[in-house]
Amino acid sequence: PFISAMLPPLMAVKLRSALSAGALALSVGATESVAAAQECSNPRTSTCINADTLWPNAGPQRFAAVGGTETVTPRQVAFGVVATYLSRPILLNAPPPGPGGTDQYAIDNQVNANFLFAYGVTERLQVDLAAPITLVQDGAGTSPLTGGRALRNTAVRDMRFGLAYAIIPHERALLEAQQFSLLARMTFSAPIGDNQSFAGERTVVYVPSVSADYRIWRFFAGADVGARVRPATEFSGAKIGTQLTAAAGAGFEILPQEKLSVLLEGHLYPSLAKQTSGSNAMPSEWLVGLRSAPFFAGDLSFYGGGGGPMPFSESPITQPRFRFVLGITYAPLGRDTDKDGIPDRSDPCPNEPGLRGYEKPGCAPLPGESTKGVGP
């Protein structure tokens, strides 16, 4: 009545319509927020978990799951893409009909892509960023339990960012010699993903870890231990909370100077959340792959591999039936194997010290050639 009395009739009608539309929008937004909160708190149908346990690190990386120990050259940017296909990572048991219920695949097939970026701050410190998305997926979602909609076809996943610091730095050289390096990471997973599609967590996940790398001749090995610290979320009788993380791998260079390597690795995630069934939840996988870094003195690398589950526990949630991984990374490493001040990627003679002013910079003069006026 106040609006009708103070304003012309037509303007009053428009204002009341705008106010009604705004109230409706607020009501819908509040309803969606409440629905999302209910989905996260419902122990039977909560989808606020990350179905993909493989979180590749940004920057230089030999293995798919084992963290690397090299860092990007200061003031340089690394970027890469790691794509992974998962088969049936989440299984749920729908209520009868059928004795004991029927098995349904909340996620049947899923293809994810991780867009990775790293920046070298100092010789030992780099900052990381990972932006994962789901390109395509199918499955029943929670519809067998709720009767609602099936799984969304695409999704934005939780973003990750953090720091990496080389405690014992990896030598910036392509050497077939004994070497040990150690690196610490602190990563955070921000809960911005679609938590209605098993792509986002309820809260921030804290991921401290330490990676080690050992090399002798053409053999190399790596290990990674850490944790994923978060509150417990329950889905269909299974709980996902704080997990320990462990990964180890070994490889051999078939062709020298990282032109072609074969790798075998495994990773597992023991859960510290007590399961309602009393069984242990330990998603674990093995992967075998090939890696090649033939260009720019190892700065550009390619990886391809696949694998399946390890039988440490019986069909734990987030353990896929099998997985395939493809990746490409460009990470400036600033390698200078002969330590003559000319990076390997620009040095025609990377294994022998040379002279800067020589007609072939980085190469040593031939016997009898004059080096007058040529600097070191």
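## Exercises on a predicted model

The protein chain has three helices and 15 strands. The model is predicted.

**Exercise 1. Locate Val 121 and decide whether Val 121 is buried, partly exposed or exposed.**

Solution. 
- Step 1: Val 121 sits in the loop between E2 and E3.
- Step 2: Recall the cut-offs. Buried is under 20% relative accessible area, and exposed is over 50%.
- Step 3: Val 121 has 37% relative accessibility, so Val 121 counts as partly exposed.

**Exercise 2. Describe the surroundings of Asp 224 and state which side chain of opposite charge is nearest.**

Solution. 
- Step 1: Find Asp 224 in strand E8, residues 219-228.
- Step 2: Check for a partner. Asp 224 is buried and has no salt bridge. The nearest side chain of opposite charge is Arg 185, 4.6 Å away. A salt bridge needs the atoms within 4 Å.
- Step 3: Look for polar atoms. The backbone nitrogen of Gly 67 is 3.1 Å from a polar atom of the Asp 224 side chain.
- Step 4: List neighbours beyond four places in sequence. Among them are Val 66, Ser 209, Ser 211 and Thr 245.

**Exercise 3. State what share of the residues in the protein chain is buried.**

Solution. 
- Step 1: The chain has 376 residues.
- Step 2: Buried residues make up 46% of them.

Notes: Residues are numbered from 1 along each chain as its sequence is written. This is a predicted model: local features need pLDDT of at least 70, side-chain atom pairs count only at pLDDT 80 or more; totals for chains, interfaces and linings use all residues. Side-chain values use heavy atoms; hydrogens and water are left out. Helices (H or I, at least four residues) and strands (E, at least two) are DSSP runs, numbered from the N terminus. Buried means under 20% relative accessible area, exposed over 50%, partly exposed in between (1.4 Å probe, protein chains only). Lys and Arg count as positive and Asp and Glu as negative; His and the chain ends are not counted. A polar contact is a pair of N or O atoms within 3.5 Å; within protein, one must be able to donate a hydrogen and the other to accept it, and residues adjacent in sequence count only if both atoms are side-chain atoms. Contact means heavy atoms within 4.5 Å.
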